[in-house]
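Have a look at the model first, then follow along with me.

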Amino acid sequence: MYAIFENGSKQYKVCVGDLIKVEKLNAEVGATVQFPVVLTADEKGIQVGKEVDKVKVSCEVVSHGKEKKIIVFKYKAKKNERKKQGHRQPYTQVKVTAIGAPAAKKAATKKAEQPQAVAE
């Protein structure tokens with residue numbers, strides 16, 4: 001089974017256990033993050049749109065870092081204009097732990113189980 005999710009205006013194709021680099025996230029190492037799914041595919045077929053509204057990709061943050069430096073060089077001929085600039089894109093490396101609908105919240109089920117007092 002694989003899923004395609006979106007983060008930072010980019011889409012990623014992942015399977016459970018994959019390590020991927022996504023746009024920098026405000027999450028600590030070891031934290032769990034969830035991404036909304038655009039498409040899922042398995043032996044049953046492909047699901048998109050409203051079929052995957054509640055499906056999420058759960059990931060664990062492994063590390064933060066910066067990509068390899070790229071050089072941006074702007075040049076205009078015969079004008080003596082040159083501009084050299086470097087850039088290192090920050091990223092967050094995550095490991096996919098699960099693909100599927102999120103589990104029901106325990107707090108919501110506890111409230112449903114408790115009998116409500118009747119006002120007399």
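Does Tyr75 count as buried, partly exposed or exposed, and at what relative accessibility? I looked it up: Tyr75 counts as partly exposed because its relative accessibility is 48%. Buried means under 20% relative accessible area, exposed over 50%, and partly exposed in between (1.4 Å probe, protein chains only).

Ground rules, before I go on. This is a predicted model, where local features need pLDDT of at least 70 and side-chain atom pairs count only at pLDDT 80 or more, while totals for chains, interfaces and linings use all residues. Residues are numbered from 1 along each chain as its sequence is written, and side-chain values use heavy atoms, with hydrogens and water left out.

**Entry: the chain.** I found one helix and nine strands, in the order β-β-β-β-β-β-β-β-β-α along the sequence. Helices (H or I, at least four residues) and strands (E, at least two) are DSSP runs, numbered from the N terminus. Of the 120 residues, 22% count as buried. I also checked contacts (heavy atoms within 4.5 Å): among those between residues at least 6 apart in sequence, 61% join residues at least 24 apart.

**Entry: around Tyr75.** I placed Tyr75 in strand 7, residues 70-76. Together with Ile71 and Phe73, Tyr75 makes a nonpolar surface patch of about 340 Å². Patch residues have over 30% relative accessible area and no salt bridge; like charges are joined within 9 Å, and nonpolar side chains (Val, Leu, Ile, Met, Phe, Trp, Tyr) within 5 Å. A salt bridge is a side-chain nitrogen of Lys or Arg within 4 Å of a carboxyl oxygen of Asp or Glu. Areas come from the Shrake-Rupley method with a 1.4 Å probe; for residues, only the protein chains shown count as cover.

**Entry: Asp18.** I found Asp18 in the loop between strand 2 (10-14) and strand 3 (19-23). Asp18 counts as partly exposed, since its relative accessibility is 28%. Leaving out residues up to four places away in sequence, Asp18 touches Lys13, Val94, Lys95 and Val96. The Asp18 side chain also reaches the backbone nitrogen of Cys15 at 2.8 Å.

**Entry: cysteines.** Cys15 is partly exposed at 31% relative accessibility, whereas Cys59 is buried at 0%. I searched the whole structure for disulfides (cysteine sulfur atoms within 2.5 Å) and found zero.

**Entry: Thr40.** Thr40 sits in strand 4, residues 32-42, and counts as buried because its relative accessibility is 3%. Beyond four places in sequence, I listed the residues Thr40 touches, including Met1, Tyr2, Ile46 and Val55.

Terms used
A polar contact is a pair of N or O atoms within 3.5 Å; within protein, one must be able to donate a hydrogen and the other to accept it, and residues adjacent in sequence count only if both atoms are side-chain atoms.
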